[in-house]
Structures are given as C-alpha cells and as structure tokens.
Amino acid sequence: MRLVPGSDRCRLLLAIGSTLAVVLALGWMWWSSLLPDTYDLAEMGYADHGGGPVPSAMAGHGHGTAVADLVEARSGPPDREVTLTVRDDGERITVNGATPGPTLRFDRGDLVEVTLVNDNLADGTTLHWHGLDVPNAVDGVAGLTQDAVMPRESFVYRFVADQTGTYWYHSHQLSHEQVRRGLLGAVVVEDAPERDVLAVLHQYDAVPTLDGAADTTVAPAEPGDTVRVRVVNTDNALTALWVTGAPYQVIAVDGTDLHGPTPVAAHAFVVTAGGRADVRITVPAGGARIDFGGTTALVLGDDPARGSTPPQPTGFLDLLSYGTPSDPGLDASDPDRTFDYRIGRRLGLLDGMPGRWWTINGHLFPNVPMFIVEEGDVVVMRIENHSGESHPMHLHGHHALVLSRDGKDASGSPWWVDSLEVAVGEEYEIAFVADNPGIWMDHCHNLPHASEGLAAHMMYAGVTSSFRIGGHDDNHPE
C-alpha cells in the first residue's frame, strides 16, 4: 500500500475543505432564497423610511387598522350593481362569456357594487381596479388585500367611482397568466355622457387585437363629429399610436385630463403597458384612422388610407412638455419622504431557481424595500432603470405627478400617472400625497417581470396585514 506524503495529505485536505466550503455556501444561498409556503408580505424585505422619521405607529405589531377593515366608508344601497362571472373556457378566460369582458360604465359619484363569481377557475381569481384609487380592502390583490376567490365562490367589491376617466379591471391572482388569457375589461367613469369609442388593446397568443378582433375596426362617424377614443393598453409592452387623416389631441392620460392640449400632427404617441390615453379627433370629410403599433387599427367613418397601413411617424409626442402648465395642487419642493427605486438585474437565486433576476436597490425579491409612509406625507420617488429592459411601473391606490425625467423638469400640463414607462437608462422623479391608507403594490406591469421579482410594496404606518401569500387559498398575486 502506498502512503500519501504529509504535504500531499495537506493539499488533499485543503481541496476537500475548499470544495465543502463552496458546496455549503451554495447550499446556504439556495436555502436562504427559498420562499416559505406561506408568508406575510408586510414582514418581508426591509423597512425604508425615505429619510423621514420612523413612525411611532408601525404596522405589523398587533395593533392599528387591519387591511380588511379599510373598506368604503359610504353606506346605503348601491347606485350600480354588477355581477361578473369568470370562467375558464380552455383557451381563454372569459368574463360574462366574453373577452375582453363587459365595459363597466359609471357616473361619477356612483356607489358601485361588483360581485365577482368564480365559475370554474381552478387557481382562484380576483379583480383589481387598475387606476381607480379604491379603498385598500377592495384593491383585488390576492394575499395582500383579499384571499383568492376559489371555484363556486364569490366576492363583493364596493367603492365610490369618484374619479372620471378611463380605467380597466383585471385579475391579480397569477396575473401574468390570467390577464394574458383574457381576464380583463374596461371601466369608464363620466360626469356626463359623450361620444366615445373604446379601443382595448390585447394580445391573445401573440396575436394583437382591438376589442378582441384582429381585423381593422370601423366606427360609424360623420364629417364634423368629435370623438373621444379611449385607448386601454392591457399588454405587457408599450404600444405606439398615430392618426392619419386628421390632427389629434391627447386629452387625458391614466384617467386624468391634461391642461391645454394642443393639436398633434405627424407625431406618434406611446401608451404605456397598463396605461390609458384618451385621444380627441374631429372627423374630416375623408375620415380618420388610428393605427396601433402597425398591427391593428380603428377607422372613424371612411378610411383615409384605403385599407393600407400608414407608416409610423419618426417623431414622438413628449408629455414632459405637452400642453400648458397649471397648478397641480401638490407642492413637492420639501417632501416628507424621498425614496429610491433603482431597477437592475443580476445573477442569483430566486426561490431556489438560478437566473438573471430583476433587482430593486440592488436586492433580489423578497429582500426588497418596504416603503413606509404616514398618512398625509408628501412623497417623492426617484425611479432609475439600469436593468437593460424597459419597465412600465405601476403604483396601486395612488396617482403620481411627474416632476422630471433625466434631470429635466416637466414644463407642460401637469402629468399624472398610475403607470409610467421607464426606458433603459432613464430616471424619473415623481411625487404623490399619501392619502389612501393600506399596503399597496408598486410593481412592473410587464406582468412576467413582476412574477420574476420586480415588485415592491408601500405600507402606511399603523396598518396591519390581514392575508398571506400561499396558505389555504394558495394566494399568488403575480
């Protein structure tokens, strides 16, 4: 038998020890990345107070107001009652037998009661009211504001429709799958009826459609008619629109009217994923046509392009300087809290899976910031994107005022958003008032990105959780 010399034995032991150390380190990294079967989102990550004082009434300590209690304060019988029945039809998920589901139209100030019925969707479902700043308990996020509604169960959403504008509803249970398959519909809130046309954009199996149809849609219109076109982008990526045959005005974005919009010609306009834009057109004798990304189109009256697809203009309308200034009703010069939301990407493990995952402030989910605010705070948030891909960022429960982009101050109409496209290398400053208590998602609305970890939350001090991710109802918001 050959004996191993002492020096060789030492090298062997060192090699074994080094290998064991690497294996143990990788094993610890894998184990620490695993998400529990059930957990409270309010207890994940780390608290970020935005440079403000630590609130005396912190959430998660067995006191305060529970999310489930943050309901509509107005009592009495509803002004509008709607039932929406969700069904898995195999290839599609339908709402009341169709996708997109029915457009819900409310008068401003209506007390609305919507009953969601899950016919047979095995994974459960919810309804999120995208852009409507509803009370937290009816925001429709599984595991955060409610439990998923399971087959043969129902849930009642009750809120006052007090924001005029164009919005939409969609699932926030396995949203990256259920929205893609068709669980969505438009919402319109009006002060008074007007001539409008809905243009709900959605891709089914990578086929772009307008209101569910892949062909060009024609809306009857006479020369001289003024039409408000309500564009709802339900897809995961932005889309460009342009108008042939007439100038147009962008009169509202994300449900908020713009001040002093001017006529636009020979320029395209980009609608953020999840966002909405209301476009006003006065129809000329030859008709008008709106093209969406060169794949679908809406014709008002006659088609000035005679069925062909007009080329997309090379110039784009910039909302940072569009329209005329007015008082936004928000002074963000001395905010109570300032948060950074830096989006990146790096190699790592997410729930035990290796990959290049999205990061927030350098951290992988779930070790991401919980933005802590107090009711009444004026909040400024700086959003930076160094991830290599564009991201449509969506804050639930609030609208934010765009202050600047890449250091350039906004100079046009006050530009309020709930969905903001942040391109690669861009930096935005936005501001809002913390006036809607709860625990709110603040995530990318490219929904697969959110399911890959690009999701943070904002918590009001004194609010406590009522629901858990996973658990008996298998809550999975993204």
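Mentor: What follows goes from the overall build to single strands, cores and loops.

Trainee: What should I keep in mind about where it comes from?
Mentor: This is a predicted model, in which local features need pLDDT of at least 70 and side-chain atom pairs count only at pLDDT 80 or more, while totals for chains, interfaces and linings use all residues. Residues are numbered from 1 along each chain as its sequence is written, and side-chain values use heavy atoms, with hydrogens and water left out.

Trainee: How many helices and strands does the protein have?
Mentor: There are three helices and 37 strands, where helices (H or I, at least four residues) and strands (E, at least two) are DSSP runs numbered from the N terminus.

Trainee: What about the overall dimensions?
Mentor: The C-alpha atoms fill a box of roughly 100 × 55 × 55 Å along the principal axes.

Trainee: Which residues touch the most other members of the largest nonpolar core?
Mentor: They are Phe-269, Leu-300 and Tyr-341, in a core of 82 residues. A nonpolar core here is a set of buried Ala, Val, Leu, Ile, Met, Phe, Trp, Tyr and Cys residues joined through side-chain atoms within 4.5 Å. Strand β35 (residues 455-460) gives this core its largest share, five residues. Apart from it lies another core, of 25 residues, among them Leu-84 and Leu-183.

Trainee: What does Leu-300 touch?
Mentor: Leaving aside residues up to four places away in sequence, its contacts include Val-197, Val-229 and Ile-281.

Trainee: Where does Val-197 pair, then?
Mentor: Its bridge partner is Val-229 in β15. Strands β12 (residues 196-204) and β15 (residues 226-233) pair in the parallel sense over six bridges, and two strands count as paired if DSSP finds at least two bridges between them. Eight of the nine residues of β12 are buried, so this strand is largely enclosed by the rest of the structure.

Trainee: What joins β12 to β13?
Mentor: Four bridges do, with β12 and β13 (residues 207-210) running antiparallel, and Gln-203 has Pro-208 as its bridge partner in β13. The hairpin of β12 and β13 has two residues between the strands, and there Asp-205 takes a positive phi near 50 degrees.

Trainee: Changing topic, what is the order of the open sheet of four strands?
Mentor: The order is β6-β11-β10-β8, with mixed pairing. The edges are β6 (104-107) and β8 (128-130), each with a single partner strand, so one side of each is left without a neighbour in the sheet.

Trainee: What about loops, say the one holding Asn-436?
Mentor: Asn-436 lies between β33 (427-433) and β34 (439-444), and this residue is buried, with a relative accessible area of 12%. Its contacts, not counting residues up to four places away in sequence, include Asp-133, His-398 and Tyr-460.

Trainee: And where does Gly-52 lie?
Mentor: Gly-52 is in the loop between β2 (46-48) and β3 (65-66), and counts as buried at 17% relative accessibility. Gly-52 touches Asp-336 and Arg-337, not counting residues up to four places away in sequence. The C-alpha atoms of Gly-52 and Thr-338 are separated by 7.9 Å, although these residues are 286 apart along the chain.

Notes: Buried < 20%, exposed > 50% of the residue type's maximum accessible area, 1.4 Å probe, protein only. Contact = heavy atoms within 4.5 Å.
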